[in-house]
Amino acid sequence: MLPIVEPARQIPGPPGIDPAVATEWLVAFLRDELVVRRQTRAVLGLSGGVDSAVTAFLCARALGPDNVYAIRMPYKTSQASSLADAALVVEALGIHCATIDISAAVDGYLQYEPNADARRRGNVMARTRMVVLFDQSAKLDALPIGTGNKTERLLGYFTWHADDTPPLNPIGDLLKCQVWELARYLGVPGRLIDKAPTADLEADQTDEADLGISYRDADAILNLILLGYSDAQLVERGFSPQQVALVRRRVDGTHWKRHLPTTAMLTGTAINEFYLRPVDF
Amino acid sequence: MSETSVRLRAAILQTKPLKGQYARNLQSAGTALKQLSKDPPDLVVMPEAALTGYFLEGAVYDLALPAERFARDLAQLWRGACAGAVVDLAAGFYENDAGTYYNSAMYLHVAPDGEQIVHLHRKMFLPTYGVFDEERFLSRGRNLGVFETRFGRMALLVCEDACHAIVPTIAAVKGARVLIVPSASPGRGIENDGELGSIAQWRDRLRFAAIEHGVFVLYAGLTGFEGGKGMSGSSCMIDPRGTVLAEAPPFDACILRCDLDLREIDLARATLPLLGDLGSALPDLLLDEELPLPRGGRAADR
């Protein structure tokens, strides 16, 4: 009998990351892209979650802590622990920090919409945070930095023209599991890495409950979808048809969220159709 | 040009251009070349789109230059930096040939009293997939020329030209002993250990070309971020046995220098005579009736 050598069959996991290489690359990205925009300072919303913490760590490495401004923007229903977790990041890095409560601004509008459901209320909060962030950008002469990861971008799990508005985003091409690995490498406080991710727009909200799938499974499936695998091939590899359908539906239903608004083309010089100039030209 | 030299003192200027600012980038390159004035090299290689940046979209038509103009600018650049020294310069640029636009690379001989374009190569493989959009704006070159220099026969391959194994192969069979590869490669692939996947892939393919054909490879990589896409630098010089003699980091402009002993080529080929073997078997491979090639000669260029 000859031995039969074959690879073990297992359900694919999320893609890995070399965090040292990614860090080096993202630090260079932040430095170069700020230079192009003639900026030396960054401002970002610090939620107490792992995504904005990683972004703050990267900004501090790239620009120096004195050039990084973190803004905590709680709403009255935000968990108190979120503020405390954000403070851990500020302490660890020695970056600037301000706290601006958005409750009055949000409620100032929502008083006219008492029947707004949780989703609408969450969107108003997210957009209000961007109003604050961009105004702080003008005040501090600092460029807003985005903190959305690739998983939430692909699943459409963000507020359009809110979380996605800052002109630079260092972690937008990293899946959530890669962000966690990067966080460990960068020395983000363990509490922020280990706790259940939450948009913190409603009480006891968690991302994975909202989405109906774990980040680990979602990232593994997303990775294979991006590489061109069909749903049938994903099921062959061990994922449940329900999980695959859920992820596929979210990706296919949110392509519009990953684009700029659609403008009617009427001329042969339509911007970004015929008149094509790169963002850094 | 007289007798072929056996020693080539090579330098690569890894540029990090400001997008679209040709005059300023020329100035920066001049400042960098001045560093070489005490001991000028024989050859300086610069990357693809070395002085404009790579992703220009429609602005390529604003920045493309006639080859003669680019030659004049390069020559003036050199004379301003290292007056009195003779040099060969190789650099990538966007070319405007009377309204037809190419992604080109030039090999230029510069003497104190004049300059001569030794060879102009127009990129043949224009990547137009994923992040790349070259063929939307540019025409592709139709010839892989090799050319004589004072250091022997060479070929210029621009970026993706060097990714198709058959291109360095044909260049080597046509007698090229040094392959010059100006490139602009947006770095990607973070799952590897220790470096970006695309950087490792480039080094592998350049080393394989050097080993298989017994040639020196001079790879000049553009660097700097362009709209979030980081050009991965990593310029390198590889000897005919596949040894990486010198390699630049992925980030930031720098000058890479190495003296090449061109006699290494014959020694490497004596040890591993794959190129000679290929020369004899190539007709059997290329005249294979099953290959999807036009029969009865190549279609006219224009």
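On the other side of helix H7(B), Ala270(B) and Thr271(B) are exposed, where exposed stands for over 50% relative accessible area, buried for under 20% and partly exposed for what lies in between (1.4 Å probe, protein chains only). In this helix, which spans residues 264–271 of chain B, the buried residues are Ile265(B), Ala268(B) and Arg269(B). These three sit on the same side of H7(B) because they cover an arc of only 100° around the axis, the arc being that of the directions from the helix axis to the C-beta atoms. Helices (H or I, at least four residues) and strands (E, at least two) are DSSP runs numbered from the N terminus.

A word on the model itself is in order. The model is predicted, so local features need pLDDT of at least 70 and side-chain atom pairs count only at pLDDT 80 or more, while totals for chains, interfaces and linings use all residues. Residues are numbered from 1 along each chain as its sequence is written, chains are lettered from A and ligands numbered from 1 in the order in which they are written, and side-chain values use heavy atoms, with hydrogens and water left out.

We turn to the strands of chain B. Strands of a sheet pair through backbone hydrogen bonds, either parallel or antiparallel. Here two strands are taken to pair if DSSP finds at least two bridges between them. Strand E4 (residues 100–111) of chain B is mostly covered, with eleven of its twelve residues buried. Eleven bridges pair E4(B) in the antiparallel sense with strand E3 (residues 87–97) of chain B, and Leu89(B) stands opposite Leu108(B) in E4(B). The two strands form a hairpin with two residues between them, and Ala98(B) in the turn has a positive phi of about 50°. E4(B) also pairs in the antiparallel sense with strand E5 (residues 114–122) of chain B, over eight bridges. This pair, too, forms a hairpin with two residues between the strands, and Ala111(B) stands opposite Gly114(B) in E5(B).

Another antiparallel pair in chain B consists of strand E10 (residues 223–226) and strand E11 (residues 229–232), joined by four bridges. Glu226(B) has Lys229(B) in E11(B) as its bridge partner. In the hairpin of E10(B) and E11(B), with two residues between the strands, Gly227(B) takes a positive phi near 55°.

Strand E1 (residues 42–45) and strand E2 (residues 68–72) of chain A run parallel and are joined by four bridges; the bridge partner of Gly45(A) in E2(A) is Ile71(A).

Charged pairs come next. With a salt bridge defined as a side-chain nitrogen of Lys or Arg within 4 Å of a carboxyl oxygen of Asp or Glu, the count over all chains is 31. One of them joins the side chains of Asp51(A) and Lys176(A), at 3.1 Å from N to O. Asp51(A) lies in helix H2 (residues 50–63) of chain A and Lys176(A) in helix H7 (residues 176–186) of chain A, so this pair ties together parts that are 125 residues apart in sequence. Both partners are buried, Asp51(A) with a relative accessible area of 9% and Lys176(A) with 3%.

In another salt bridge, the closest N and O atoms of Lys195(A) and Asp85(A) are 2.6 Å apart. This pair links distant parts of the chain, 110 residues apart: Lys195(A) is in the loop between helix H8 (190–194) and helix H9 (207–211) of chain A, and Asp85(A) is in helix H3 (residues 80–93) of chain A. Lys195(A) is partly exposed at 25% relative accessible area, whereas Asp85(A) is buried at 1%.

Finally, the cavities. A cavity is a set of points on a 1 Å grid over the protein atoms alone where a 1.4 Å probe fits but cannot get out, and its lining residues have an atom within 4 Å of a point. There are three cavities of 30 Å³ or more. Helix H6 (residues 197–213) of chain B gives the most to its lining, with four residues. The second largest cavity has about 40 Å³ and is lined by residues including Ser47(A), Ser82(A) and Lys195(A).

Definitions and conventions:
On a 1 Å grid over the protein atoms alone, a cavity is a set of points where a 1.4 Å probe fits but cannot get out, and a pocket is an open set with protein on both sides within 12 Å along at least five of seven lines; lining residues have an atom within 4 Å of a point. Grid points are joined across faces, edges and corners, and a volume is the space filled by probe spheres set on the points.
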